[in-house]
Amino acid sequence: MKPLRNMLDKLGPQFHTGGKYEKLYPLYEAADTFLYTPGEATTRPTHIRDAIDLKRMMSIVIVALIPAIFMAFWNTGYQANLQIANDPDVVTLSSPWRANIYESLGFSFDPASFLGNIVLGGLYFLPVYIVCMTVGGICEVIFCIVRRHDINEGFLVTGMLFPLTLPPTIPLWQVATGIAFGVVIGKEIFGGTGKNFLNPALTARAYLYFAHPSDITGNTVWTAVDGYSGATVLGELATSNAADKLAPVTDAVTAGGLGVTWWDAFWGTIQGSMGETSVAACLIGAVILIATGIGSWRIMAGVTIGALAFSTLLWHFSEPATAGAGIWLLPPWWQLVVGGFAFGTVFMATDPVSASMTDAGKWIYGLLIGAMTILIRVVNPAFPEGIMLAILFGNVFAPLIDYFVVQANIKRRMARYGNS
């Protein structure tokens with residue numbers, strides 16, 4: 001690696017102030033710090049020595065996302081292969097060029113093929129990821145060059161989170177516009193990484209949700225095949241009659257006759273966004289984030305408790321004859337394993353930039369998101385998911401929550417020690 005280090009040192013003066021490529025310094029700095037630890041060190045007192053910097057923090061988040069990424073590959077392919085195998089005369093893969101590549105590699109549409117499922121899922125996930133990283137990266141670079149800011153590693157996480165929240169059939173041009181909106185409107189116009197008050201990945205998904213609803217909601221977007229229509233559990237229950245779907249509630253057996261068991265939802269072998277279906281994968285990520293101190297356990301616990309408490313209240317007092325949509329009667333333990341609840345709780349709500357900073361504020365912030373998730377799911381059938389809008393709602397109130405927590409601490413200390 002020494003020749004590479006020497007080459008970078010030789011090129012450095014051309015990118016620094018007064019150099020030929022001065023305006024492109026952010027590109028040089030990004031490559032240099034990505035490959036090597038920055039050579040600068042503080043010399044004046046007082047400063048804190050810590051092994052964690054932004055690059056290491058983002059790297060740990062990516063490691064925590066690996067189980068969800070694996071499920072994005074395997075389950076996307078599995079769901080497509082399963083439907084094709086069940087009805088090969090009617091159901092076909094939604095993308096001819098992907099089908100040609102898949103078959104040319106010697107795979108058949110067999111859901112029992114572990115490697116085949118991964119390869120087929122990769123043919124859907126990887127193009128989305130590549131478009132996201134390319135377009136979002138260009139937006140980041142443009143803003144950094146104009147402002148002469150360093151290119152931060154924060155986008156590596158945003159560029160991974162956003163594809164995991166999308167259905168496999170999403171048009172690639174919508175991926176491009178979505179991530180551009182999330183990066184520019186959700187982050188860069190507020191000053192870039194560390195200054196945004198909204199989660200950029202969720203901002204991008206919210207844009208697609210309202211700008212192109214037919215391609216991110218409904219019964220035909222969750223499985224990468226044509227000729228098959230199948231809603232997610234939340235989507236079906238949000239529009240179904242409670243008496244038909246959940247009366248009597250068959251809780252631990254199936255989700256109101258939809259043929260999905262609680263364990264199916266827990267492991268993630270169901271339809272949904274590519275990387276959000278598996279609670280088990282999210283729990284592995286949660287353990288990694290909490291053990292390394294990157295993710296706040298208070299926020300995760302707060303979201304879970306808030307959702308459990310509010311959903312228990314609705315579930316306990318709702319009656320099949322008067323509840324309306326089936327989602328009203330969904331038991332609390334089901335609310336935790338369907339939709340993107342686990343993914344949002346672990347990876348989105350804990351965003352250290354847009355979440356509350358104080359310990360007490362994290363509890364309030366988490367409880368607010370958990371309760372709002374259930375409220376949105378149950379009361380408004382047009383938004384059956386809930387967690388996305390709830391987190392963005394929590395992002396908006398996070399600074400206010402922290403302000404009141406700090407003010408309460410100040411008043412308590414003044415009362416304790418006196419103020420003459």
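This is a predicted model: local features need pLDDT of at least 70, side-chain atom pairs count only at pLDDT 80 or more; totals for chains, interfaces and linings use all residues.
I'll start with the helix crossing. Helix H5 covers residues 114-147, and helix H6 covers residues 154-164. Their axes come within 9 Å and cross at roughly 140°. As for handedness, H5 passes H6 in a right-handed crossing.

Which residues of H5 and H6 make the contact? On the H5 side they are Phe125, Val128, Tyr129, Cys132, Met133, Gly136, Gly137 and Glu140. H6 brings Phe155, Leu156, Gly159, Met160, Phe162, Pro163 and Leu164. Sorted by type, the residues of this contact are eleven nonpolar, three polar and one charged.

Next, the aromatic rings. A pair of aromatic rings is described by the distance of the centres and the angle of the planes. The structure holds 19 aromatic pairs, and I'll take two of them.

One is Trp74 with Tyr78. The ring centres are 4.8 Å apart and the planes are 10° apart, so this pair is stacked, the cut-off being under 30 degrees. Both residues sit in helix H3, residues 54-86, and because they are four residues apart, about one helical turn separates them. In general, an α-helix has 3.6 residues a turn, so residues three or four places apart point the same way. Is Trp74 buried or exposed? Trp74 has 15% relative accessibility and therefore counts as buried.

The other pair is Phe393 with Phe397. Here the centres are 4.8 Å apart and the planes stand at 40°, so the pair is tilted. This pair belongs to helix H17, residues 387-417; Phe393 and Phe397 are four residues apart, which means about one helical turn between them. Phe393 is partly exposed, with a relative accessible area of 32%. Phe397, at 32% relative accessibility, also counts as partly exposed.

Ring pairs also build a cluster, and its members are Trp262, Trp263, Phe266 and Trp267.

Last, helix H15, residues 341-348. How many of the eight residues of H15 are buried? Eight of the eight are, so H15 is largely enclosed by the rest of the structure. If you want to find them on the screen, the buried residues are Phe341, Ala342, Phe343, Gly344, Thr345, Val346, Phe347 and Met348.

Methods:
Residues are numbered from 1 along each chain as its sequence is written. Side-chain values use heavy atoms; hydrogens and water are left out. Axes are lines fitted to C-alpha atoms, for helices over the stretch in contact, and angles run from 0 to 180 degrees between N-to-C directions. Helices (H or I, at least four residues) and strands (E, at least two) are DSSP runs, numbered from the N terminus. A crossing is left-handed if the near helix is turned anticlockwise from the far one by less than a right angle, and right-handed if clockwise. Contact means heavy atoms within 4.5 Å. Ala, Val, Leu, Ile, Met, Phe, Trp, Tyr, Cys and Pro count as nonpolar, Asp, Glu, Lys and Arg as charged, and the others, Gly among them, as polar. Rings of Phe, Tyr and Trp (its six-membered ring) pair if their centres lie within 6.5 Å; planes under 30 degrees apart count as stacked, over 60 as edge-to-face and the rest as tilted. Buried means under 20% relative accessible area, exposed over 50%, partly exposed in between (1.4 Å probe, protein chains only).
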